[in-house]
Amino acid sequence: MGVVVEAVVKIVIVFGIVLTCLAYLALFERKILGWIQLRYGPNRVGPWGLLQPLADLLKFLFKEDVRPTTPNPILFSVAPILSLVPALMTYAVIPFGDRIELFGREITLYITSVNVGLLYLFALSGLGVYGIVLAGWASNSKYSLLGGLRSAAQLISYELTLTLSVVGVLIQVGSLDLVEIVRAQSGAYFGLIPKWHIFWYQPLGFLLFFIAAVAETNRVPFDLPEAETELVAGYHTEYSATKFAMFYVAEYANILAVSALATTLFLGGWNGPGVERLPLLGVFYFAAKTAVFLFIYIWLRATLPRFRYDQLMRFGWKVLLPLAFANIVFSAAVAAIA
Amino acid sequence: MERALFVIFALTAIVAALNVLLRRHPLHSALALLVVLGALTGLYVLLGAYFLAMIQVVIYAGAILVLFLFVIMLLNIRAEEARLERRPFFRWLAVPFALLLGAEIFYLVRTFEENPVPSGTSVGVTEAIGRELFTTYLLPFEVTSILILIAILGAVVLARRG
Amino acid sequence: MTTIPISWYLAVAAVLFTIGAVTVFVKRNAIVMLLGIELMLNAANLTAVTFSSYFRELAGQILVFFVMVVAAAEAAVGLAIIVLLFRHRETLNVDEAQLLKL
């Protein structure tokens, strides 16, 4: 019974923190985009614009929920939920830190440690396709359907590269459990370079993972299916108010989840100087590394132009996929020799 | 606790399977099959087959059913109209057979209480399956990869225009 | 914590298999018939995993692995054939596809 209570408390805490981070991620995206474009971002609401997420939330809640005439009203309402739920479920296996002592009990700083953790994450990314495809279909509109199908095709193409690029990490560590993967990255080579996977022997894997992740989350430069100048707004054209907010949150939740995953798999997760003595420092290291990836995401959006759809597909299948296979062969060779 | 979970997953699977049968629009049938696959994943986890449960979601729910959805949407399949009854004789035959099947299942469920699925360490961990696949079952594994290649070629050739 | 007798799992698999078989018999839409076939395959998978767990033998789960792979290949080719059928006859009703030549 105590196990259940502990799990519920952890879930509530993680959800609270994650949802707050998502809200402020939206704000910081607008501010950083603004700074790169030589202007201020939102700075009217609250000091320095810090209450902007609250204003956005209130706006979304009070907006009129426009419903198109569609033969599938249930699907129309369910699609955003189908998009949001897998995005939020990924946080159940991400390790934020090591064990700490609290009130006499030893508490692990992750919600659960599943022995098929990586496969669980792949399963969830596969399920993310359904929300988009069904939203495109149920909206009963040309732009939505085309945007939805294009986006789905892009997602399943880059999902291959995403999963294959992680197989290198799997070969190096020998376990699907994310906690084990982080533990395998503790320590340092020659006492100087940390034993993170990005340094040895997965730099290519990391690059492939990050590029595929940007494509999976429908972000620039791979955001053709939802660009405003292209298909109106793609699969979420007909959505407004709360349902649109759910798609919006789902996208940022995916971005945060993928950044956290890149940190866990390639950048050593919670590892850093002094974590053995003070485990809570691990959470800080984890947050800092994830923040680096979030910044890179926003930086890409401000800087790069958009891929055309055929360029996007060609890149995914003809460049990234062979490189992913090469990475697997290389990792297997190194693992066999060393 | 386990029994409650089993009952939830089993009932979900059966109700969703009935929906696959009874719905008129093929899209609704496909989505009902998605629910069946999800419930089966829960049952696999209860049986301790963790690797297979995740593979089920990745392959079946994440790839095969998406393929079905693409075909249904791109070919713009409409719902079927209600069919005319052409063979009422079979209806009278179906009901007794259904009752017979129901009685057999009832007997199965009620009388074999003494064969429980063993709990404790599960046998379906990834490492064990991987080891078996690459030692004892290596030949079927390689043959299956060629089979998939043939299937890819076949699908591409068949669906090509002109 | 009470355990679950295997006959319950087998009963669920039997019911799912029956519903899948009935779907193949009753429905006239080619895609829904394929869905029925997938349902039957899943019921067989459930049976194999149940016995694998009961006898603590891995062979059942390896079998399920291969069945899933083959089902994926079969679904791909079957759907390609259905796409071809639709292109030629503009209908997916298998009753209309009785003649070898249109």
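Visitor: Let's start with helix 3 of chain B: what should its 25 residues span, and what do the end C-alpha atoms say?
Guide: At 1.5 Å a residue, those 25 residues of helix 3 of chain B should span 36 Å, and the end C-alpha atoms are 34 Å apart, which agrees. Keep in mind that this is a predicted model.

Visitor: Where does helix 3 of chain B bend, and by how much?
Guide: At B:Leu65, by about 25°.

Visitor: And how many of its residues are buried?
Guide: 19 of the 25, so helix 3 of chain B is mostly covered by the cut-off of 20 or more other C-beta atoms within 10 Å.

Visitor: What comes after that helix?
Guide: Helix 3 of chain B is followed by B:Asn76, and the phi of B:Asn76 is positive, near 55°.

Visitor: What's the packing angle between helix 2 and helix 3 of chain B?
Guide: About 175°, for residues 26-46 against residues 50-74, and the two axes are 9 Å apart. That angle is over 145 degrees, so helix 2 of chain B counts as roughly antiparallel to helix 3 of chain B.

Visitor: Which residues make that contact?
Guide: From helix 2 of chain B, they include B:Leu27, B:Leu34, B:Leu37 and B:Tyr44. The helix 3 side of chain B includes B:Leu52, B:Val57, B:Tyr60 and B:Phe68, and also B:Leu65, where the bend sits.

Visitor: How does that contact split by class?
Guide: The contact of helix 2 with helix 3 of chain B has 19 nonpolar residues, three polar ones and no charged ones.

Visitor: Zooming out, how many helices and strands does chain B have?
Guide: Six helices and zero strands. From the N terminus on, the elements of chain B read α-α-α-α-α-α.

Visitor: What share of chain B is buried?
Guide: 32% of its 162 residues count as buried. As for contacts in chain B with a separation of 6 or more, 59% come from residues 24 or more positions apart.

Visitor: Switching to interfaces. How many residues are in contact between chains C and B?
Guide: 57 residues of chain C are in contact with 63 residues of chain B. On the chain C side, helix 1 (6-26), helix 2 (30-55) and helix 3 (59-89) each give two or more residues.

Visitor: Which helix of chain C has the largest share?
Guide: Helix 3 of chain C, with 21 residues. By class, the side of chain C that touches chain B divides into 43 nonpolar, eleven polar and three charged residues.

Visitor: And how many residues meet between chains A and B?
Guide: 14 residues of chain A are in contact with 13 residues of chain B. Helix 4 (117-138) and helix 5 (142-173) of chain A each supply at least two residues of the chain A side, and helix 4 of chain A gives the most, with nine.

Visitor: Staying in chain A, is A:Pro80 buried or exposed?
Guide: Buried, because A:Pro80 has 23 C-beta neighbours inside 10 Å. A:Pro80 is in helix 3 (residues 73-89) of chain A.

Visitor: What does A:Pro80 touch?
Guide: Leaving out residues up to four places away in sequence, A:Pro80 touches A:Gly131, A:Ala135, A:Tyr239, A:Lys243, A:Met246 and A:Phe247. A:Tyr248 is 168 residues from A:Pro80 in sequence, yet the C-alpha to C-alpha distance is 9.3 Å.

Visitor: Is A:Asn218 buried or exposed?
Guide: A:Asn218 counts as buried, with 22 C-beta neighbours inside 10 Å.

Visitor: Last one: where is C:Arg56 found?
Guide: In the loop between helix 2 and helix 3 of chain C. C:Arg56 has a positive phi of about 55° without being a glycine, and with 14 C-beta neighbours inside 10 Å it counts as partly exposed.

Conventions:
Residues are numbered from 1 along each chain as its sequence is written. Chains are lettered from A and ligands numbered from 1 in the order in which they are written. This is a predicted model: local features need pLDDT of at least 70, side-chain atom pairs count only at pLDDT 80 or more; totals for chains, interfaces and linings use all residues. Two residues are in contact if their C-beta atoms, placed from the backbone, lie within 7 Å. Helices (H or I, at least four residues) and strands (E, at least two) are DSSP runs, numbered from the N terminus. Ala, Val, Leu, Ile, Met, Phe, Trp, Tyr, Cys and Pro count as nonpolar, Asp, Glu, Lys and Arg as charged, and the others, Gly among them, as polar. Axes are lines fitted to C-alpha atoms, for helices over the stretch in contact, and angles run from 0 to 180 degrees between N-to-C directions. Angles under 35 degrees count as roughly parallel, over 145 as roughly antiparallel, 65 to 115 as roughly perpendicular and the rest as oblique. The expected span of a helix is 1.5 Å times one less than its number of residues. The bend at a residue is the angle between axes fitted to the seven residues ending there and the seven starting there. A residue is buried if 20 or more other C-beta atoms lie within 10 Å of its own, exposed if 12 or fewer, and partly exposed in between; C-beta atoms are placed from the backbone.
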